[in-house]
Amino acid sequence: MNTLLSLGIAMAVGLLFTRIVKLVKLPNVTGYLIAGLLIGPSVLGLIDKATVESFDMIVTLALGFIAFSIGGEFKLGTLKKLGKNVTVITFFQALGAVAVVFVVLLVAGLCGALGEDYLPMVFTLSAIATATAPAATLLVVRQYKAHGPVTETLLPVVAMDDAIGLMIFAIFNAIAVAIASGETPTVTTMLLDPLLEIFLSLLIGFALGLVVALCTRVFKSRANRLCLCITATVIGVALADMWGLSSLLLCMMIGAVFSNLGFEVDRVLEGTDRWTPPLFMLFFVISGADLDLSILPTVGILGALYIIARALGKYFGAMAGAAVVKADPNIRKYLGITLLPQAGVAVGMAQIALSEFTALGESDIGRKIQAVVLCATLVYEIVGPVLTKISLKKAGEITGNT
């Protein structure tokens with residue numbers, strides 16, 4: 001099938017499924033993933049495997065813009081207002097998810113429940129466990145006009161969480177790739193190389209972000225400034241690919257620097273938010289189409305353990321962080337439940353892992369990781385918003401008969 005026609009079909013079916021999932025009050029991302037799965041090679045086959053693989057550039061660009069959007073939320077003035085309490089809680093819940101998923105999967109692997117090549121999956125999935133879905137959470141908060149201590153803590157935690165997750169992922173996935181390649185683990189391969197990758201990614205991202213910020217003084221129109229951001233993100237993705245760096249961290253830094261040093265930042269970022277939805281929709285539809293259903297029976301135990309362990313890690317991590325800073329009792333009790341939704345960044349991490357493991361000739365490992373994350377995303381995006389609503393209502397932050 002013609003590639004452009006395939007893209008058109010993907011977009012049309014994705015749009016159709018936003019109406020379908022709305023009937024059962026699920027977020028659009030769930031509809032996109034289901035749509036992609038149905039039209040992909042595993043089900044109806046409207047788009048074959050070769051065509052899905054030809055969409056790699058779209059997936060890569062979408063990841064860059066997702067990271068840019070995350071960076072755009074990191075305004076220093078806002079972070080200072082949040083204070084140390086939110087920062088502490090964010091670190092605790094993120095590290096809690098990493099620790100619980102890592103321990104549970106490692107024990108399962110040692111017991112022989114995950115097959116032979118389990119160690120790379122343990123590292124990569126435990127890092128992906130940190131990521132949350134700001135869009136799903138924000139949707140619930142806005143829809144029900146939630147307000148109170150839990151809500152005020154939830155939104156900044158979700159915003160900061162993905163940045164921490166990207167850094168942990170850069171280190172853990174580098175370790176996983178080194179193990180899968182058969183290299184003998186050393187301090188260099190397990191720590192120094194990943195840290196160098198993080199440093200260079202952030203440094204180049206800072207430089208590109210600074211250039212964009214300075215250029216907003218020269219280019220005055222909203223259209224030109226939007227083009228600046230798009231250009232910088234595309235160049236950032238390309239440089240990361242050429243030099244083996246993290247496109248997620250690099251583009252996140254571009255967004256962060258621009259949001260703090262640029263001119264009329266809010267107007268430009270608003271324009272970016274209006275331009276990217278079709279790209280993000282294609283990203284999720286393609287990700288769904290790329291899911292190989294034949295792998296699911298082999299990742300059943302792995303997927304179930306991941307979903308349960310991540311939920312426990314988020315819940316008890318948030319509870320521990322809130323206890324350390326002596327936060328409101330409702331924050332300790334309900335915040336962790338509201339952190340379950342997982343979507344864009346997690347799927348992006350899984351796509352990167354798939355690409356890197358495939359390059360090593362270990363595509364089976366990458367496929368299993370992708371299958372676990374996509375299935376977990378469907379579960380979390382169905383259950384997560386519902387639990388968020390229930391938690392906020394029990395905390396007294398959603399009023400009325402909703």
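Modeller: Let's start with a term: a polar contact is a pair of N or O atoms within 3.5 Å. Keep in mind that this is a predicted model.

Biologist: Fine. Which side chain does the side chain of Ser259 make a polar contact with?

Modeller: That of Asn260, at 3.4 Å. Ser259 itself belongs to helix 11, residues 247-261.

Biologist: Is Ser259 buried or exposed?

Modeller: The general idea is that buried means under 20% relative accessible area. Ser259 has 7%, so it counts as buried. Setting aside neighbours within four places in sequence, its contacts are Gly71, Gly72, Phe74, Lys75, Val265 and Leu269.

Biologist: Next, helix pairs. How do I read one?

Modeller: Two packed helices are described by the angle between their axes and the distance between the axes. Here, take helix 2 (residues 28-39) and helix 17 (residues 363-394): their axes come within 9 Å and cross at roughly 145°. The crossing is left-handed.

Biologist: Which residues of helix 2 and helix 17 meet?

Modeller: Helix 2 brings Val29, Thr30, Leu33 and Ile34, while helix 17 brings Leu374, Thr377, Leu378, Glu381 and Ile382. By type, that contact has six nonpolar residues, two polar and one charged.

Biologist: And the cysteines: how many disulfides does the structure hold?

Modeller: To read that, look for two cysteine sulfur atoms within 2.5 Å. The structure holds zero disulfides. For Cys229, the nearest cysteine sulfur is that of Cys227, 9.4 Å away.

Biologist: Is Cys229 buried or exposed?

Modeller: Buried, because its relative accessibility is 2%. Cys111, by contrast, is exposed, at 64%.

Technical notes:
Residues numbered from 1 in each chain as written. Predicted model: local features only at pLDDT ≥ 70, side-chain atom pairs only at ≥ 80, totals over all residues. Heavy atoms only, no water. Axes fitted to C-alpha atoms, helices over the stretch in contact; angles between N-to-C directions. Helix = DSSP H or I, 4+ residues; strand = E, 2+ residues; numbered from the N terminus. Left-handed = near helix turned anticlockwise from the far one by under 90°. Contact = heavy atoms within 4.5 Å. Nonpolar A, V, L, I, M, F, W, Y, C, P; charged D, E, K, R; others polar. Buried < 20%, exposed > 50% of the residue type's maximum accessible area, 1.4 Å probe, protein only. Polar contact = N/O pair within 3.5 Å; in protein donor to acceptor, adjacent residues only side chain to side chain.
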